[in-house]
Amino acid sequence: PRGSIRLLVTNAFGLASQLGDLQHALLQYRPDVVVVTETRFTNDKVTLADTVFPGYSPPFRRDRTAHGGGVAVWLKTSLSAYKLEDLSCPDHETLWLSLRTVSGAKIILGAVYRPGSASPADVSLIEHLDTTLGRCQPNGSNVIITGDFNVHNEAWLGSSRTTPAGEALEVLCAEHSLAQHVSMPTRGENILDLIMTSLPNPRVGIE
């Protein structure tokens, strides 16, 4: 529908060897926005030329300076967007973008990677999200926060246990009127890759 946005989210566990697969997914699903976590571009010395695809702008990237991690976002050339530098945080792997759809709707997009090695009790990323949302939402913008969160919550995500980080993320969504839309496991039996939005009635499918 006019004004809608098609979103593809994936954890690559190292994207350099899968760039061909990503290009195939772009042709198959034709997403407007692509969010990839754990790109590991720094390790694999991926250049800008390696990551440019027909119909898409060069990606916004948040690369690690050390091993692992990384976040990248591709947008169709029909979308206008810019990076919200003032929302970036050196302590967390996040990308914040302001998008405007073809119909003119404004969306704040947060792409997030929380490492699996993070302590279950570490809620600093959730605190960063809380502060950032407090700055974004008074402007009336719709919000999408997505990526790999590596949190567990029995009641909310169907996990086998609840961690402090998982509990804090559930509270964050409630306080900021965000709905979490992924209901099927994304890795093993766990829902680790999440899509949280303030958008009305989004449709979410898991491939």
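1. Basis. The model is predicted, so read it with its cut-offs: local features need pLDDT of at least 70, side-chain atom pairs count only at pLDDT 80 or more, and totals for chains, interfaces and linings use all residues. Residues are numbered from 1 along each chain as its sequence is written, and side-chain values use heavy atoms, with hydrogens and water left out.

2. Thr101. This residue sits in the loop between strand E6 (93–100) and strand E7 (106–113). Helices (H or I, at least four residues) and strands (E, at least two) are DSSP runs, numbered from the N terminus. Thr101 is buried, at 7% relative accessible area. Buried means under 20% relative accessible area, exposed over 50%, and partly exposed in between, with a 1.4 Å probe and protein chains only. The Thr101 side chain makes a polar contact with the side chain of Ser103 at 3.0 Å. A polar contact is a pair of N or O atoms within 3.5 Å; within protein, one must be able to donate a hydrogen and the other to accept it, and residues adjacent in sequence count only if both atoms are side-chain atoms. Ser78 is 23 residues from Thr101 along the chain, and their C-alpha atoms are 8.0 Å apart.

3. Asn153. Look in the loop between strand E8 (142–148) and helix H4 (154–157). Asn153 is buried, with 2% relative accessibility. A polar atom of its side chain lies 2.9 Å from the backbone nitrogen of Trp156. The Asn153 side chain also reaches the backbone oxygen of Gly166, at 3.2 Å. Leaving out residues up to four places away in sequence, Asn153 is in contact (heavy atoms within 4.5 Å) with residues including Arg161, Thr162, Glu167 and Glu170.

4. Thr146. Strand E8 holds this residue. Thr146 is buried, at 0% relative accessibility. Beyond residues up to four places away in sequence, Thr146 touches Leu7, Val9, Val35, Leu109, Gly110, Ala111, Val112, Leu194 and Ile195.

5. Cysteines. How many disulfides are there? The count is 0, where a disulfide is a pair of cysteine sulfur atoms within 2.5 Å. Cys173 is in no disulfide either; the nearest cysteine sulfur, that of Cys136, is 14 Å away. Both residues are buried: Cys89 has a relative accessible area of 16%, and Cys173 has one of 3%.
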